[in-house]
Amino acid sequence: MERLSFDDYCLKIASVVAERSTCRRHHMGAVAVRDKHILTTGYNGAAAGLKDCLELGCLRDEQGIPSGERHEICRAIHAEQNVIIQAALHGVSLEGCTIYCTHTPCVLCAKMLINARIRRFVTFGNYSDDAFKELFREAGIEVEIRERPSPEITFLD
């Protein structure tokens, strides 16, 4: 049996985090890691305590808005935004960390991650917005797009 790589381990965790999503279009999860320690996690969904799209329906679908456009019409906070918010709430700096996420970031999240001073972004999925690429390149943030790790969990009982 081969041991799971650390990057795949973190991507699997991001995938499990995404299962908490309340978005009807995409389940996204993110994990902030520094020195092989998980700092924060986040998934996409409505602000804490507010009704979400599972309850209310998707306004973007109702208005025929394509993915990657008109972010302000959505009730959800993106997974990467929630990673940053959780860090701020708990007094944790994300400087120098790696973000493991189920999808590449939108341009808004990319700018926030740059200002959070992350070092690396690892993912297996593509979001419909590629504007992050040039911003991350200019900011010196390493991007790695890997194969989706196996969803299988191996237990040695």
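Three cavities of 30 Å³ or more were found when the whole structure was searched; a cavity is a set of points on a 1 Å grid over the protein atoms alone where a 1.4 Å probe fits but cannot get out. The structure is a predicted model, in which local features need pLDDT of at least 70 and side-chain atom pairs count only at pLDDT 80 or more, while totals for chains, interfaces and linings use all residues. Residues are numbered from 1 along each chain as its sequence is written, and side-chain values use heavy atoms, with hydrogens and water left out.

The largest cavity has a volume of about 150 Å³, taken as the space filled by probe spheres set on the points. Of its 13 lining residues, H26, R60, C74, H78 and Y127 are the closest to the centre; lining residues have an atom within 4 Å of a point. The lining comprises five nonpolar, six polar and two charged residues, where Asp, Glu, Lys and Arg count as charged and Gly is among the polar residues.

Helix α5 (residues 107-115) packs against helix α4 (residues 79-89) at an angle of about 30°, with the axes 9 Å apart; axes are lines fitted to C-alpha atoms over the stretch in contact, and angles run from 0 to 180 degrees between N-to-C directions. Helices are DSSP runs (H or I) of at least four residues. α4 and α5 are therefore roughly parallel, a term for angles under 35 degrees, and their crossing is left-handed. In this contact (heavy atoms within 4.5 Å), E80, Q81 and I84 of α4 meet C109, M112 and L113 of α5. Four nonpolar, one polar and one charged residues make up the contact.

The axes of α5 and helix α6 (residues 132-139) come within 9 Å and cross at roughly 10°, so these helices are also roughly parallel to each other. The crossing of α5 and α6 is right-handed. V107, A110, K111, L113 and I114 of α5 make the contact with F132, L135, F136 and A139 of α6. By class, eight of these residues are nonpolar, none is polar and one is charged.

Methods:
Helices (H or I, at least four residues) and strands (E, at least two) are DSSP runs, numbered from the N terminus. Angles under 35 degrees count as roughly parallel, over 145 as roughly antiparallel, 65 to 115 as roughly perpendicular and the rest as oblique. A crossing is left-handed if the near helix is turned anticlockwise from the far one by less than a right angle, and right-handed if clockwise. On a 1 Å grid over the protein atoms alone, a cavity is a set of points where a 1.4 Å probe fits but cannot get out, and a pocket is an open set with protein on both sides within 12 Å along at least five of seven lines; lining residues have an atom within 4 Å of a point.
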